[in-house]
Amino acid sequence: MNTQIFINYPNGEAGPHGAKFPDPDLGTAPPDKTRYFSKEEADREWNQLWMTSWALAGLAQDLAEVGDYLRYQLGRESFVVVRTGTGQDAIKAFYNVCPHRGNRLVHNDFGSVDPSFGFQCDFHGWQFSVEGENIQVKDEEKFRPEVLAVRPCLTEVSCATWNGLIFVNPDPAPALTLLEHLDVITDHLAHYDFSQFRVFRDIDVTWDANWKTALEAFIEFYHADDVHPELLALTATRDCQYDLFANGISRMIIEVGSTNSRVPDRDVVNDGLKRLVSIYGGDPDDYSHLSGGEYKKALAETKRAWGKKHGYAFFDKLSDPQMTDDWNYFIFPNVTLNVFADSLLIQIFRPHASDPGKSHYNAITLCLPVSDDETPVFDLNEFNFGPKGWKGEERPARFVPRDLSEFGHVLAQDAIRVPEVQKGIESAGFRGARLSEPEIRIRHYLAEVDRYLGR
């Protein structure tokens with residue numbers, strides 16, 4: 001393998017968590033294209049992967065009070081996730097199914113029930129506590145005793161939380177705990193306090209593409225020059241670091257705040273970099289001694305002052321590259337986290353209930369609220385600054401975008417292409433992807449899929 005392909009950024013300045021991880025040789029063969037549209041493959045994935053793996057169901061901040069619930073849709077199944085008590089882990093998940101006749105118990109993405117009353121089926125009135133217990137069968141005397149000899153409760157599934165994120169596993173006895181599955185992520189992101197972020201945008205859409213086709217657009221940055229040319233002024237596109245870990249977990253670090261290595265003269269500090277420092281409250285004239293390749297030092301210093309101004313103590317625990325850069329983690333099988341010091345983009349890719357050529361895409365953008373009315377927040381969907389004075393006091397509703405503009409400019413650029421890639425994959429003229437080493441995360445997660453499928 002040509003080791004010169006791999007970039008060891010950001011070396012020691014990011015601390016041990018930013019160190020380049022050794023890369024396995026995952027070969028050069030094109031992935032079988034039928035795995036992106038085969039019904040047989042989708043059925044195998046459903047039974048052997050989705051029904052036995054941890055996947056992100058929602059945010060703990062959406063379950064602030066006992067009785068608050070969210071609905072988690074996964075392929076042909078639906079689950080209800082509910083806060084049962086005041087402790088951090090007092091959250092349970094159940095199939096969203098009444099055991100009487102199979103009616104869906106809840107029909108909204110978010111809601112709340114009186115914890116003293118619980119859930120009531122709107123078909124025949126059976127009642128269940130937030131702990132899933134059957135507490136009332138309407139007209140119970142009308143049933144023969146044998147029918148209710150084993151009083152049916154809600155069917156519970158595995159549920160666990162980490163750093164304010166709620167994960168569900170349909171397997172009631174998973175092979176790995178959530179923390180075991182997350183592997184290095186819990187250490188790498190231990191200093192970020194996701195509980196302080198608030199939802200800025202929450203979009204959910206059905207795409208004409210397999211879930212893997214959609215996912216793969218977001219776990220490599222090889223496409224950036226052609227799809228996101230406006231990012232060239234602010235981010236590294238060619239020189240990203242890619243790391244592969246256990247359990248299908250992977251990462252790419254995208255440098256933000258230095259002149260891109262593709263430009264003819266990296267010493268020049270472009271206007272975009274100066275604007276970035278300025279909007280975070282810094283004065284570009286104070287950093288005129290820095291070259292373009294060094295300018296991220298200005299951004300790191302400016303963002304640290306921003307964090308102190310708005311009361312975010314966890315900034316003091318982050319390395320300079322964590323202050324400035326996009327630490328992009330993939331949580332197998334279907335979640336990406338674009339982690340910045342002041343903003344977070346969570347993308348979730350879920351299979352369609354019946355059509356392997358379709359999938360569901362949910363993108364939740366979170367920002368840190370600001371403490372004054374003049375400071376803008378950073379909107380990752382636009383990779384630009386959003387409204388001033390945003391306090392995050394009211395959670396926006398989840399919505400289906402009416403047009404591409406509602407994705408945000410940068411995400412829209414990807415959204416345009418994902419269905420087109422699916423069409424090409426299904427073409428008789430396509431023989432399978434020829435993957436570069438910057439696309440190695442694709443080989444890595446597909447190998448983990450294969451492990452689940454027993455290949």
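In the largest nonpolar core, which has 120 residues, Val81, Ile346, Tyr361 and Tyr445 touch the most other members. Such a core is a set of buried Ala, Val, Leu, Ile, Met, Phe, Trp, Tyr and Cys residues joined through side-chain atoms within 4.5 Å, where buried means under 20% relative accessible area, exposed over 50% and partly exposed in between (1.4 Å probe, protein chains only). A second, separate core of 16 residues includes Phe94, Leu105, Val106 and Phe119. The model is a predicted one, in which local features need pLDDT of at least 70 and side-chain atom pairs count only at pLDDT 80 or more, while totals for chains, interfaces and linings use all residues. Residues are numbered from 1 along each chain as its sequence is written, and side-chain values use heavy atoms, with hydrogens and water left out.

Next comes the sheet. Seven strands form an open sheet with antiparallel pairing in the order β11-β17-β16-β15-β14-β13-β12; strands are DSSP runs of E with at least two residues, helices are runs of H or I with at least four, and both are numbered from the N terminus. Two strands pair if DSSP finds at least two bridges between them. At the edges lie β11 (198-207) and β12 (241-244), each pairing on one side only. Helix α10 (residues 440-452) packs on the sheet and touches β12, β13 (250-254) and β14, contact being heavy atoms within 4.5 Å. Further along the order, β14 (residues 326-331) and β15 (residues 335-339) pair over 5 bridges in the antiparallel sense, and Asn328 has Asn338 in β15 as its bridge partner.

Strand β12 also holds Gln241, which is buried at a relative accessible area of 0%. Its side chain reaches the backbone oxygen of Gly18 at 3.1 Å, and a polar contact of 2.7 Å joins the side chains of Gln241 and Asp243.

Charged pairs complete the picture. The whole structure contains 31 salt bridges, each defined as a side-chain nitrogen of Lys or Arg within 4 Å of a carboxyl oxygen of Asp or Glu. One of them joins Lys303 and Asp342, whose closest N and O atoms are 3.1 Å apart. This pair links distant parts of the chain, with Lys303 in helix α7 (residues 296-309) and Asp342 in the loop between β15 and β16 (343-351), 39 residues apart. Lys303 is buried at 3%, and Asp342 is buried at 4%. In helix α10, Arg451 and Glu448 meet in a salt bridge of 2.9 Å, N to O. Here Arg451 is exposed at 52% relative accessibility, whereas Glu448 is buried at 9%.

Technical notes: Axes are lines fitted to C-alpha atoms, for helices over the stretch in contact, and angles run from 0 to 180 degrees between N-to-C directions. A polar contact is a pair of N or O atoms within 3.5 Å; within protein, one must be able to donate a hydrogen and the other to accept it, and residues adjacent in sequence count only if both atoms are side-chain atoms.
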